[in-house]
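Visitor: I would like to learn how to read the sheet and the cores of a structure, one feature at a time.
Guide: Then let us look at the entry together and begin with the strands.

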Amino acid sequence: MSKKTPQAIRGTQDILGADAEAFAFVVETFERVRRLYRFRRVEMPVFEKTEVFARSLGETTDVVSKEMYSFDDRGGESLTLRPEFTAGIARAFLTNGWQQYAPLKVATHGPLFRYERPQKGRYRQFHQIDAEVIGAGEPQADVELLAMADQLLKELGIADVTLHLNTLGDGASREAWRAALIAYFRAVAGELSEESQERLEKNPLRILDSKDARDKPFLADAPKIDAFLSDEASAFFAAVTSGLDAAGVKWVRAESLVRGLDYYRHTAFEFIPDEGSASAAALGSQSTVLGGGRYDGLMESLGGAPTPAVGWAAGIERLAMLVGAREEERSDICIVIEDDNSLLSGIKLLTDLRKADFSAELMASGSPRKRFDKAVKKNPRSLVVLGRGEDGIGASIRSLEIAEELPRLGPFFAEYRW
Ligand code: ATP
Ligand code: MG
């Protein structure tokens, strides 16, 4: 047996302290906001049959072709650690007959796994908050989801991130645009990056996303979706944008914004830090914090009836980076056991305080002097020292910043001489 301590897996993080508090703040705020918008909580498995993702996302996507953690289990079945939430939620909708609840608004959060090159803001195990509306074909569903995302960011104190919005049209618009993009890029294929050449026939929309300098000169003049939108698709997009205006959500049109996954239709969006802003500096090149869109075609690819749906996901780590480190909360009361004979009284007092909703901790190990120093270092709002004099246990309160709580605290100390 080697005595060497095993290292954590590359691209995973162990988070403690102020960064963990930022992470928790993101999740708690999301939980609060999703209740305001009446999204129901859903808990999902961390793994699914591989086909759930392969069929939903499409074999040509980066996620399916290079990023999935797939393995055969002991029964020989190919399983995959979820790289995203949407496909699993769609599978659950179909297998559980959740059609009866449609339109179903659900929210969840948890870990996802993608085999990517780890860097700041990009990990192999990361976490998302996720919101989906399933069985709603109206543009109001898109508006509500985007308003929720916008309010969430504001409540997190993130003000320098803007909604970038596009439409991919309906199935027919998207196909016509796709064909035009193939024709356009084929003419210059020799000058494109290898990656874009590879995408040309399979997933040409993705070329618009390219950050490669060899592709950039051709992006500005590429065909635009607007030329291919059907009347219905244009009307849908207009209803989304007017709804956003009514809800007070600021947005900018991003004509070349596409989502990497095959299942998107109509609305596609990302929230991106404004150029030169503090959030842009904090995130570096991994700049998208929240992304999503409408995926009306997904249920059919899983063998279900056509079911319109729209959703988004945001990276908790990236949001936490924008929130910044958050101090761990001070405790209300720290009890120092000055004399070990007062330990049991201290344990009782500690329990009573916690039951009464005061956050409290107890210092009872090491020398009395050390206990006191440790307690002071923790900077509680009040310090209670329990000692034992000739006439019984005595408590003294050393610093009381929560004077208004004294009437509530009084009864706890009634039995102590102080
Ligand atoms: P990117 O372009 O950054 O790779 P994506 O389009 O793959 O993002 P989505 O699948 O839309 O991302 O996921 C939504 C959000 O999840 C992203 O905006 C980002 O905040 C977060 N995210 C995605 N992949 C990672 C990762 N590997 N590490 C940390 N966060 C991630
Ligand atoms: Mg990605």
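Visitor: In what order do the 3 strands of the open sheet lie, and is the pairing parallel or antiparallel?

Guide: Strands of a sheet pair through backbone hydrogen bonds, either parallel or antiparallel. In this predicted model, the order is S2-S4-S3 and the pairing is antiparallel. The edge strands, each of which pairs on one side only, are S2 (47-49) and S3 (69-72), and neighbouring strands are turned by 30 degrees against each other on average, if direction is ignored.

Visitor: How many bridges join S2 to S4, and which residue stands opposite phenylalanine 47?

Guide: S2 is joined by 3 bridges to S4, which spans residues 78-81, and the residue opposite phenylalanine 47 is leucine 81 in S4.

Visitor: Which helix packs on the sheet?

Guide: Helix H2 (residues 50-57) does, touching S2, S3 and S4, and its direction makes about 75 degrees with that of S2.

Visitor: Which residues have the most contacts inside the largest nonpolar core?

Guide: That core has 50 residues, and the two in question are Trp177 and Phe185. Among the elements that give two or more residues to this core are H2, strand S5 (104-113) and helix H6 (171-186), while the largest share, 5 residues, comes from H4.

Visitor: With which residues is phenylalanine 185 in contact, leaving aside its neighbours within four places in sequence?

Guide: Phenylalanine 185 is then in contact with Leu192, Leu200, Ile207, Leu208, Phe218, Leu219 and Ala222. A second, separate core has 46 residues, including Val33, Val133, Phe271 and Ala314.

Key: Residues are numbered from 1 along each chain as its sequence is written. Chains are lettered from A and ligands numbered from 1 in the order in which they are written. This is a predicted model: local features need pLDDT of at least 70, side-chain atom pairs count only at pLDDT 80 or more; totals for chains, interfaces and linings use all residues. Side-chain values use heavy atoms; hydrogens and water are left out. Two strands pair if DSSP finds at least two bridges between them. Helices (H or I, at least four residues) and strands (E, at least two) are DSSP runs, numbered from the N terminus. Axes are lines fitted to C-alpha atoms, for helices over the stretch in contact, and angles run from 0 to 180 degrees between N-to-C directions. Contact means heavy atoms within 4.5 Å. A nonpolar core is a set of buried Ala, Val, Leu, Ile, Met, Phe, Trp, Tyr and Cys residues joined through side-chain atoms within 4.5 Å. Buried means under 20% relative accessible area, exposed over 50%, partly exposed in between (1.4 Å probe, protein chains only).
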